[in-house]
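The sequence and the model come first, and the description follows.

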Amino acid sequence: MEKEEDAKALLDALYEEGIIPTYSFPKNVVNTHIPDPSGKILYEVDRGLDVAIGEYAPGRAIVVDKKTYQIGGFYYPGSDRQFGQSLTPARAYTEDPNYVKEIISCDDCGWFDLWEEDMKCCPFCGNSDLKISREMLRPWGFAPRNAESIPDAQLSEEYTAVQQPLYSTLPEAEKMKLAPGCKNIRIASRTNQRIIMLNKGSNNKGFMVCKDCGAAMPGDDISVLKDINRPYISKYARGRCRHSNSFNVNLGYDFITDMLVLEFKLDGKIIDTSRKENPWLSRASQSLAEALRLAASKRLDVEFSELITGYRHRTGPEASYVDIYLYDSLSSGAGYAVSVADAIEELLVDVKALLSSCDCGSACSKCLKHYRNQYVHGMLDRFAALQLLKWGIDGTTASPIKEETQISMITPLTHILKQSGCEIIADSEITAVGRGHTKKIVIYPAMWVEPYAADTIFVSDAYIKYAKPYAVQKILDSF
């Protein structure tokens, strides 16, 4: 067992260094091992790690041969049969730096990467207060809770999702070129880039994992393992594991691939680049990234699952940026993502057509939504994506919202505002009367930096659409 694992680790290292070509074989694959009552493995269900760390994470449920199993730990068949390891088969993995890696992060901008000794400050925002955050555990195999099926009536599934793929390195300025026909988009094809995929658990609490037996459940307190037995059956391990040697981790893995990067330079004087207060930037970035993947897969005539997309926000000394990147789903890649670089002008036309041609109110299965991006369906907004794309191509921002549209947007809020002592009068414009004062209300595109005018309340359309309580409160607080 140890020799096999050492050989696998050596091959992985040689692959990542580029010494051995991968030929795009799917090496980032992991199995869920389903045993019978005696411990013999009946089924092995495999998935790519990018999907498995979400769909097979501890707490999730799967159905195999009409039986329901809740994932409750990590296990590799035969690991418990090694001499002296019947009680501690997980220890060979949880003490291996190939499977447990330290992550360094920046609280200011959200950047994170694998920890290295020479890291002094955040490459995105320059913050020098970097912190060693929760370790990342690469699963070696999933197994059912208590190594058995459970009745559906007893199932309490806990859903967790994979975070946005992280591309942590900075673009090299000399290799970034202005995209043809674009004012604010630069493009580069980059080789040997490290991607990190993470599942941070429910409410960013990670997962508690027993370093000895491999039992695991979502949470950051040892109590979540109280009623969890070993995730395997062994005649040598008759008693329950006390899980006294447990730690709190995120699930994840890192790999090297080639990618296409589109850098959108934003003018902070006219575009609201804040991430915490304004949902527009994240919605626009996520939606445009999804549109890029769908348009690229169609142009390449491949399944969209062959391509993975992501985005990141960063702030430099002179401007803010949105990086949207595309890479192949197979480690080291089949060359799909970088092959569209030469046709980027045509690809952006395709993306614009995809976002413009639908008749839905935000996003639907005919334009942006599909089963692989279910966890971000609530963020998808083709209109926000179009605004970001037009800025990148033409340098134009969103147009002012028509008066009649503003009136229709404010109408659903009039009743609750009236109950709070604010009367809304909508004629050719919107007027609010409250506490003896009269002010004009203007709904503006969330893409803009918030305007200012005397006796005027400015409310972004994003809050009217997606955060109505905040919009109401802002109006009331303005009197």
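## Helices α4 and α6

In α4, the residues Leu288, Ala291, Leu292, Leu294, Ala295, Ala296 and Arg299 meet Glu346, Leu347, Asp350, Val351, Leu354 and Leu355 of α6; contact means heavy atoms within 4.5 Å. The residues of this contact of α4 with α6 divide into ten nonpolar, no polar and three charged. Here Ala, Val, Leu, Ile, Met, Phe, Trp, Tyr, Cys and Pro count as nonpolar, Asp, Glu, Lys and Arg as charged, and the others, Gly among them, as polar. Helices (H or I, at least four residues) and strands (E, at least two) are DSSP runs, numbered from the N terminus.

The model is predicted: local features need pLDDT of at least 70 and side-chain atom pairs count only at pLDDT 80 or more, while totals for chains, interfaces and linings use all residues. Residues are numbered from 1 along each chain as its sequence is written, and side-chain values use heavy atoms, with hydrogens and water left out.

The α4 and α6 axes are 9 Å apart, and the two helices pack at an angle of about 115°. Axes are lines fitted to C-alpha atoms, for helices over the stretch in contact, and angles run from 0 to 180 degrees between N-to-C directions. The crossing of α4 past α6 is right-handed; a crossing is left-handed if the near helix is turned anticlockwise from the far one by less than a right angle, and right-handed if clockwise.

## Helix α7 and its neighbours

Helix α7 (residues 382-394) and helix α6 (residues 344-357) have axes that come within 9 Å and cross at roughly 150°. That makes α6 roughly antiparallel to α7. Angles under 35 degrees count as roughly parallel, over 145 as roughly antiparallel, 65 to 115 as roughly perpendicular and the rest as oblique. The crossing of α6 and α7 is left-handed. From α6, Leu348, Val351, Lys352, Leu355 and Ser356 meet Arg382, Ala385, Leu386, Leu389, Lys390 and Ile393 in α7. By class, this contact of α6 with α7 has seven nonpolar, one polar and three charged residues.

Helix α4 (residues 280-300) also packs with α7, at an angle of about 85° and with the axes 7 Å apart. That makes α4 roughly perpendicular to α7. Trp280, Arg283, Ala284, Ser285, Ser287 and Leu288 of α4 meet Ala384, Ala385, Gln387, Leu388 and Leu389 of α7. In the contact of α4 with α7, seven residues are nonpolar, three polar and one charged.

## The four-stranded sheet

An open sheet of four strands has the order β17-β18-β19-β20, with mixed pairing; two strands pair if DSSP finds at least two bridges between them. Its edge strands are β17 and β20 (456-460), each of which pairs on one side only. From one strand to the next, the twist averages 30°.

Strand β17 (residues 423-426) pairs with strand β18 (residues 430-434) in the antiparallel sense over four bridges. The two form a hairpin with three residues between them. Ala426 stands opposite Ile430 in β18, and the bridge partner of Ile424 in β18 is Ala432. Helix α8 (residues 403-410) lies across β17, β18 and β19 (437-444), and runs at about 105° to β19.
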